[in-house]
Amino acid sequence: EVQFVESGGGLVHPGGSLRLSCAASGFAFGVYDMAWYRQAPGQVRELVSSISNNGARTTYVDSVKGRFTTSRDNGKKMLYLQMNSLKPEDTAVYYCNRASAVKYMWGQGTQVTVFS
């Protein structure tokens, strides 16, 4: 029943921007802290950003601070990640899920490729 559908990825040059979306369904989205994760080829999945259930607080991994912004719309059960000043090292598949250690089934993710 629980489902995440990530979208908005694409191919961009360094310095470009993308806005990722995550459509959530099958659970009480508005009561959970949410997070964005990414996994580069041959790498483990890493936490990129989190956002509290009401959107009041956000966290970011050091490598994306000042460049990425997470937001959410609980009425639409949507999570967003605005990515600016993209770098080649941002290349990865991006996923959304609960920020809790307990995760729901991962979606397919959306591919972000930054190339020079």
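Reply: A residue is called exposed when its relative accessible area is over 50%, buried when it is under 20%, and partly exposed in between (1.4 Å probe, protein chains only). The model is predicted, so local features need pLDDT of at least 70 and side-chain atom pairs count only at pLDDT 80 or more, while totals for chains, interfaces and linings use all residues. Residues are numbered from 1 along each chain as its sequence is written, and side-chain values use heavy atoms, with hydrogens and water left out.

A salt bridge here is a side-chain nitrogen of Lys or Arg within 4 Å of a carboxyl oxygen of Asp or Glu. The whole structure has four of them. One joins Asp-62 to Lys-65, with 2.9 Å between the closest N and O atoms; Asp-62 is exposed, at 60% relative accessible area.

Asp-90 takes part in two salt bridges with arginines. Its bridge to Arg-67 has an N to O distance of 2.7 Å. Arg-67 lies in the loop between strands S6 (58-60) and S7 (68-73), and Asp-90 in the loop between S8 and S9, so this pair ties together parts 23 residues apart in sequence. Strands are DSSP runs of E of at least two residues, and helices runs of H or I of at least four, numbered from the N terminus. Asp-90 also bridges Arg-38, with the closest N and O atoms 3.0 Å apart. Arg-38 is in strand S4 (34-39), so here the parts tied together are 52 residues apart in sequence. Together with Glu-46, they are linked in a network of salt bridges.

Charges also meet rings. A charge sits over a ring if NZ of Lys or CZ of Arg is within 6 Å of the ring centre and within 35 degrees of the ring normal. Arg-45 lies over the face of Trp-106, 3.8 Å from the ring centre. The charged end of Arg-98 is over the ring of Tyr-104, 5.1 Å from its centre.

Rings of Phe, Tyr and Trp (its six-membered ring) pair if their centres lie within 6.5 Å; planes under 30 degrees apart are stacked, over 60 edge-to-face, and the rest tilted. Phe-27 and Tyr-104 form a tilted pair, 5.0 Å centre to centre with 50° between the planes.
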